[in-house]
Amino acid sequence: MNIILLGPPGIGKGTIAKMISAKYRLPHISTGDLFRENIAKKTKLGDEAKKYMDAGKLVPDNLVIDMLADRLEKTDCKNGFILDGFPRTILQAKALDKIAKIDVVINFEASEKTTIKRLGGRRTCSKCGHIYHLENMPPKKDGICDKCGGRLYLRDDDKPEVIKQRLKTYNELTAPLIAYYSGKGLLKEINAEKTPKEIFEDVVGVLKQ
Ligand code: AP5
């Protein structure tokens, strides 16, 4: 099963991807996470990507496509994968068409007010990457990850001025993918104005089809 999760920044793609990954034992491939790993390791790719990410812009297509193509060649993708944050442009989608056959594209929908609130309150574990929210999914102990004891941090691109630019970038460059995949008959819409558990149940319903 090759799945794409589509939707604006902060809508909850990563949260639901982890739940799908655990249930169906499919690798969760987030291009944002791959870039953040490169940034942490101070690689050349990480240095280049950081400039765009901190500005709320997309990393150039060629850099993302090469990185994703390498990741999809790994053996854990043999029986399927979940793509979170890729593709983000029509050019990326066309490149993906040449590398893999996609079975379903799940598009999450919620108001901009909801996504801004989710992004502003997000805290991420610096050690294991687990995602929290100050109000919706708070850790038991302030600033500390329940799972591994790591320190929670606010992503540089979750600051208000960058959030605004990320949403603008999404509307201009990524939203056209909805029509692209709808035209291919692959698109399934999911209402993301619910709890993660409810959204996950809806996604499982779609995947069962
Ligand atoms: P990336 O890391 O992919 O960021 P994003 O798509 O903007 O998505 P987010 O990770 O911000 O949000 P999400 O939808 O996963 O929400 P989450 O589950 O965390 O990309 C970052 C940057 O990398 C890009 O801006 C770009 O520069 C670059 N990049 C990456 N891929 C690229 C590509 N293909 N091409 C070019 N550049 C690329 O949830 C958010 C918060 O809400 C959390 O706190 C969570 O706890 C909470 N929450 C989640 N679900 C719910 C719910 N149902 N109810 C209440 N709270 C919820």
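I started with the helices: α1 passes α9 in a right-handed crossing. For handedness I used this rule: left-handed if the near helix is turned anticlockwise from the far one by less than a right angle, right-handed if clockwise. The model is predicted, so I kept local features to pLDDT of at least 70 and side-chain atom pairs to pLDDT 80 or more, while totals for chains, interfaces and linings use all residues. Residues are numbered from 1 along each chain as its sequence is written, and side-chain values use heavy atoms, with hydrogens and water left out.

Next I looked up the angle. The axes of α1 and α9 come within 10 Å and cross at roughly 55 degrees. That makes α1 oblique to α9, since angles under 35 degrees count as roughly parallel, over 145 as roughly antiparallel, 65 to 115 as roughly perpendicular and the rest as oblique. Axes here are lines fitted to C-alpha atoms, for helices over the stretch in contact, with angles from 0 to 180 degrees between N-to-C directions. Helices (H or I, at least four residues) and strands (E, at least two) are DSSP runs, numbered from the N terminus.

I then checked α6 against α7 (residues 160-174): they pack at about 135 degrees, axes 11 Å apart. That makes α6 oblique to α7, and their crossing is right-handed too.

On to the ligand. I found 36 residues around it, the closest being Thr15, Lys57, Arg88, Arg122 and Arg166; to be near, a residue needs a heavy atom within 4 Å. By class I got 15 nonpolar, 11 polar and 10 charged residues in the shell. Nonpolar means Ala, Val, Leu, Ile, Met, Phe, Trp, Tyr, Cys and Pro, charged means Asp, Glu, Lys and Arg, and the others, Gly among them, are polar. α2 (31-40) gives the largest share of the shell, 4 residues.

A ligand oxygen atom sits 2.8 Å from a side-chain N or O atom of arginine 36. A ligand nitrogen atom is 2.8 Å from a backbone N or O atom of lysine 194. Taken alone the ligand exposes 1,000 Å², and the protein buries 96% of that (Shrake-Rupley, 1.4 Å probe).

Last, the backbone. Most residues other than glycine have a negative phi, and most peptide bonds are trans. Arginine 25, not a glycine, has a positive phi of about 50 degrees; I placed it in the loop between α1 and β2 (28-30). The peptide bond from phenylalanine 86 to proline 87 is cis, omega near -5 degrees.

Note on methods. Polar contact = N/O pair within 3.5 Å; in protein donor to acceptor, adjacent residues only side chain to side chain.
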